[in-house]
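Subject: Structure handover

Hi,

Here is the structure I promised to pass on.

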Amino acid sequence: MKKIVLIAMVLLLAVGIVFAGGGKEKAATTDGRPTIRLITDATGIDDKSFNAAAWRGILEYYGDTWENQANRGTLYDVVTCQTQDMYIPTLKQASDEGYDLIVTTGFTFADALNEVAQLYPDQKYMIVDVDYVNQPNVMQFMFSEEQGSYLVGVAVALQAKEDGIENPKFGFIGGVPGATITKFEIGYIQGIKSIFPDAQIVDFYANDWGKPELAKTQAKNWFDSGVYAVYSAAGGTGSGTIAQAKEYRQQGKNVWAIGVDSDQYADGIYSGDKSAVLTSMIKRVEASTKYALDSVAKNTFNSGVVLLDMAADGVGYSAANPELSAAVVEKLEALKADIISGKIKVIGTYKEALAAGVAPAGLGAMDN
């Protein structure tokens, strides 16, 4: 009988049917640890980037791994919303099921969460990349993406210099434009221009988190026109950049992809330990999910904004690729220390970057 009920619940979630009203029943738990439901956009936890990092934090909290998700279905679970019109009903469904914590990933959930959080004042929620859902039951996490992006910009610029490339060009691919993705782009540009002040920068926004074919086509066009490296902050869309860089490096072309959020070195491997991903901007979204779960367990959950910057180890870079030279890594570590100490201040908005003369006009970046 229990199996039939569970199967029915799964089917209802799959077709988007939501129960209205009714009592709030506690989600199943076995050992007193908090229960959690992760709700993602259409790219899901297999995006190898942002959502994957949030899910990884949940797995680590419960002592599970990607290969062995033993507590899934009892202590934690995930629902992927295929369209944005499913955000509100999915949030309501999870709230009715009584999880101790409900997590949404990304600023596209902000309006839906703001609405639903007011309907369930006793439910605890968490959102990443938002600082304006000011409800008393919502914990918000922000990251200093511009700081980590500065380091990967420096990394790829120094690599170009070591390769003897004169006047290298660099590309940036964003997902949905907004203040968060702007921080990635503007930090990256500042890092590049600290090495090549007159570097040419091109950008493109896919307006989607799950269309790798758009990034692949754009990356190919740019690489063909002489762009040395492309940094993508676009969720699953960015996998297209990596795919194109892999193809071209297999052909002997000296081009690079820059990973984001998770370390995407392994995704870029095309031969042995050779990867088309020179480095990745690490955004430790997993730290936010673990932090929130721990606060629920310790009864210290508070609304408001938690900032995970470089000093808090919220952002960084990957040195996994052996082709990222030791000299470059040494320089990056020194710059990292300078950012943490405040000696280097990285701008995070397009407006400020334009005013300071550290970013070109005409970019697709948006501050809101």
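A word on naming before anything else: helices (H or I, at least four residues) and strands (E, at least two) are DSSP runs, numbered from the N terminus. This is a predicted model, in which local features need pLDDT of at least 70 and side-chain atom pairs count only at pLDDT 80 or more, while totals for chains, interfaces and linings use all residues. Residues are numbered from 1 along each chain as its sequence is written, and side-chain values use heavy atoms, with hydrogens and water left out.

Let me start with aspartate 208, which sits in the loop between β7 (200–205) and α7 (212–224). Aspartate 208 is partly exposed, at a relative accessible area of 25% (buried is under 20%, exposed over 50% and partly exposed in between, with a 1.4 Å probe and protein chains only). Setting aside neighbours within four places in sequence, aspartate 208 is in contact with Gly175, Val176, Ala234 and Thr237 (contact means heavy atoms within 4.5 Å). Its C-alpha atom is 28 Å from that of asparagine 321, 113 residues apart along the chain.

Next, the helix packing. Helix α5 (residues 145–162) packs with helix α10 (residues 326–341) at about 150°, their axes 10 Å apart. Here axes are lines fitted to C-alpha atoms, for helices over the stretch in contact, and angles run from 0 to 180 degrees between N-to-C directions. The two helices α5 and α10 are therefore roughly antiparallel (over 145 degrees). The residues that meet include Tyr150, Leu151 and Leu158 in α5 and Leu332, Leu335 and Ile339 in α10. By class, this contact of α5 with α10 has ten nonpolar, two polar and three charged residues (Ala, Val, Leu, Ile, Met, Phe, Trp, Tyr, Cys and Pro count as nonpolar, Asp, Glu, Lys and Arg as charged, and the others, Gly among them, as polar).

With helix α6 (residues 179–193), the axis of α5 comes within 6 Å and crosses at roughly 35°. Among the residues making this contact are Gly153 and Val156 of α5 and Phe184 and Gly187 of α6. The contact of α5 with α6 has eight nonpolar, six polar and three charged residues.

In the largest nonpolar core, of 95 residues, Leu101, Val156, Phe170 and Tyr231 touch the most other members (a core is a set of buried Ala, Val, Leu, Ile, Met, Phe, Trp, Tyr and Cys residues joined through side-chain atoms within 4.5 Å). Helix α5 gives the most to this core, with nine residues. A second, separate core of 15 residues includes Trp222 and Val227.

Best wishes

Key:
Parallel < 35°, antiparallel > 145°, perpendicular 65-115°, else oblique.
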